[in-house]
Amino acid sequence: MRMRINQLLGIPFFLLGVALVAFYSVKAWEVFLTTCPNHDFLSWDENIRLSNVLDQAVDFREGNYWNGILPFFESPTWPPLRSFTTFLSLYIPTDWPVTYRDSFHGLFFLILVFPALYYILIKVTASHFWGSVFAFFSFVLCLQTTEVPVYSLTSMLETQSMFFLLLSGYSLFRLYEDDNTGEIKSSTKYLVSFSLFGFYFTKYPYGILFFMACICYEIFRSPSRYKEVIIYLYKVYARGFRLVYLIFVLTMIASLPILRVISKINLNQRTFKTFMFYISVILFVDFSIFLYRNREKAKNVFPKTISVLWVYAIFPAFFWLFINPDRVNALIDAQLIVNQYTRSFFLTLWTEPGMDPKVPGIFDFVWGFRILIGVTFISLIYFLIRKNESIESKRKDPLLAATIVIILELLILEVTTGNKQPRHVLQFIPSIGFLSFAWALRFAQFAESGYQKKLAYSIIIICISFVGWNLFYKQGLLTDSFFNTKPFCYRGMNASDFQPAREIASQIEASKKYILLNAFHDQAKYESKGRLIASDFDLAMKLKTYELGAVRNDHRYRWKDWSSFDSILLLSDTCPDSFIEEKFENRSKMLTVKSTLVRTYRESSGIACLQEYQILK
């Protein structure tokens, strides 16, 4: 009966959450369609991803299925999950333009965050009422930020990482909860695989950092057990040359973020990155074979939790990483990026927007977040110092496990990357909401007297009141200013910025097949105005032709023959341009292709010029 009442009490907040999600989603998408002038283009990275998907669609249409499938397996820079879902969206029977479908991904994953929060918090709190209350206010934290609204209307990966990091945190909770009972359920193993691999397939570095955080917690959780593991590995595996090699490889990997900061050594060289790939893959293969050959003994030595993490997430993730050397190269490239827009991820979460240009802040009304974190910290400290449980049992608490791993993920990201853009902390907001509210409720559950319970629940009410105030504070969702002041248009409000790409695309025929030499992608044109929209030129032409014709970027390794194309397009800032024409002539001689100039089009703003050469069959 009590459970039934609890479920009924949770219904109003669940319905409020659904209403909030529906209201925001419908209104935000309406703003995107009616206000944003450049929703026919995406950002640089999104343009490239979508262009690749359109090329795959052309390959499938022409029956070149292997060429259409192969990019999903290559995927050196970005994991294939987003590209795959974008590819599927091309075949959805709707009149939405392709860029609308791709941009909707951001909103789709943000929408998924709420039911995930609702389910997770009900399970963790064992209360439908508190689960629905906390899910509602956690989602408020997600919406009432300076950047989540704009990323929810793009094909960027921020909302996708919010969803999968939230699931990953919960999967760890389930894993360690099951382990405490003595048996890890199959459903938990599959959840670990789905969530951690989904997070890894959002961005490779994020997934790897998460695995590192999991291993750090594993050692903290069972130090004596891992002492046995180290002794076992030393006696059986890491002896002699293997020990030296293991130390060497781990030292090389660990030195990357340090060398980036303290030295001026140019690590962004293909020779160095190839060297890092081979020394890493040799260690991975050797260690994996060792574990497989000694799997029966390893089951008795290694904790069950790390065995599940290895089999269902870590091994398949690194196997995927190492089957393409370019993925390792891209990881090192990402490590070497330095963006000093902000000083610290922690300060970005804590600071009020507009107070410090070096620490932009992300929450509209930051005091809701601050008070929530303060209560979480007090609850966590009280949990650690209270005498009701042993230190051993506290270390194995599943909520503590998820909390430590999420904090370590943020800490490792803080220490290892110089690219501290505010958008990189957005992924943590749903997880922080879920964990913080769960700890706030724990604080009330720790109370031993009626007075303490009243005080604890009063603190929870204060927390949700301050978080809820975001809905009414200045740019709150329930005020008139939210949809008028939030930056919903990721590509800006100036339609003329992308007019050159639209004009160039208007000059080609939808049913013809073109090979494109786009000079704006070359280093020689980095200072030209057209360089800023180089990927927009590509996308605009591919969007026009992918259903009937094709526009394919030339690549000497990809295209050994131009015989299947009708024309060659030369795009540069001037016509004629000696740089692009020399490149064109060299390629024509290499492929023994003859062609004749049939037209020249100078775009009206003067930043681009297109030449079309008809291929003589």
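This is a predicted model: local features need pLDDT of at least 70, side-chain atom pairs count only at pLDDT 80 or more; totals for chains, interfaces and linings use all residues.
Residues are numbered from 1 along each chain as its sequence is written, and side-chain values use heavy atoms, without hydrogens or water. Local features need pLDDT of at least 70, side-chain atom pairs count only at pLDDT 80 or more, and totals for chains, interfaces and linings use all residues.

**Cavities and pocket**

Three cavities reach 30 Å³ or more. A cavity is a set of points on a 1 Å grid over the protein atoms alone where a 1.4 Å probe fits but cannot get out; a pocket is an open set with protein on both sides within 12 Å along at least five of seven lines; lining residues have an atom within 4 Å of a point. Volume is the space filled by probe spheres set on the points, which are joined across faces, edges and corners.

| Site | Volume | Lining residues closest to the centre |
|---|---|---|
| Largest cavity | about 90 Å³ | Phe32, Asn38, Phe41, Tyr490 and Arg491 |
| Second largest pocket | about 440 Å³ | Phe346, Phe369, Ile373, Ile407 and Ile432 |

The lining of the second largest pocket has 12 nonpolar, four polar and no charged residues. Nonpolar means Ala, Val, Leu, Ile, Met, Phe, Trp, Tyr, Cys and Pro; charged means Asp, Glu, Lys and Arg; the others, Gly among them, are polar. H18 gives the most to this pocket lining, six residues.

Helices are DSSP runs (H or I, at least four residues), numbered from the N terminus.

Definitions and conventions:
Helices (H or I, at least four residues) and strands (E, at least two) are DSSP runs, numbered from the N terminus.
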